[in-house]
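Me: Could you take a close look at the sheet in this model and walk me through how its strands are put together?

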Amino acid sequence: MKVLFLDFDGVMCLSNNWGGRKKKWSKYRSANPDSSKEIKDAPVSVRFDDFDKKAIRILNEIIEETGCEIVVSSDWKLHATLDELGDYYESQGIIKRPIAFTPDIQNCNWHKDMVWYWNPRQELEMIRVIEMKQYLHDNPEVTHWVSVDDLNMGKTGEDWEGWGDWRIDNFVLTPKSTEGIKQNGVKEKIINFLKN
């Protein structure tokens with residue numbers, strides 16, 4: 001099985017779309033004044049910012065070319081069920097629903113015997129690496145995988161104290177929040193990890 005661990009903000013949902021859910025929420029509340037006053041109770045299409053249309057096209061091309069499955073590593077997993085995110089994918093035009101979320105950090109145990117030096121400057125990155133490695137540990141049928149994120153978890157770049165060998169090789173960084181997955185060369189790097 002081939003798996004693409006996918007973050008959303010800065011990868012699929014680009015900075016020019018950030019905050020769009022506030023407008024959607026306001027419009028939804030106007031049209032549904034008797035609905036819950038909590039955004040968490042609104043339809044998933046209202047809860048999240050939109051994905052970039054070109055980023056969707058690039059993701060669909062990656063899926064078609066590699067046959068990969070999507071596992072959500074984004075913290076959006078904290079705000080929707082897998083079925084809700086699957087519906088959201090379909091509403092955005094993505095040709096495949098995600099098959100899973102990475103497990104939450106409190107449910108990860110594969111790393112308990114390893115030396116770990118927590119670094120608060122890279123807490124999110126470290127949590128995501130642990131969660132992805134737990135998924136891989138629990139799913140040995142995964143033969144090829146790659147993580148795509150705007151948080152740098154790769155072995156290139158700055159090495160913070162305590163991070164050491166925890167960085168991952170199968171990683172593609174999307175450092176420009178306005179471009180995400182559509183940045184020049186990103187698609188090819190992702191496909192290379194999933195095919196080789």
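Reply: Happy to! Helix α6 (residues 186–195) lies across β1, β4 and β5 and runs at about 155° to β4. Axes here are lines fitted to C-alpha atoms, for helices over the stretch in contact (heavy atoms within 4.5 Å), and angles run from 0 to 180 degrees between N-to-C directions. Helices (H or I, at least four residues) and strands (E, at least two) are DSSP runs, numbered from the N terminus. Please keep in mind that this is a predicted model, in which local features need pLDDT of at least 70, side-chain atom pairs count only at pLDDT 80 or more, and totals for chains, interfaces and linings use all residues. Residues are numbered from 1 along each chain as its sequence is written, and side-chain values use heavy atoms, with hydrogens and water left out.

Now to the sheet: it is open, with 5 strands in the order β3-β2-β1-β4-β5 and parallel pairing. Two strands pair if DSSP finds at least two bridges between them. At the edges sit β3 (100–101) and β5 (171–173), each pairing on one side only.

Strand β1 (residues 2–6) is joined to the parallel strand β4 (residues 144–149) by 5 bridges, and Phe 5 has Ser 147 of β4 as its bridge partner. β1 also pairs in the parallel sense with β2 (residues 69–72), over 4 bridges; here Val 3 is partnered by Glu 69 of β2.

Moving on, β2 and β3 pair in the parallel sense over 2 bridges, with Ala 100 of β3 as the bridge partner of Val 71.
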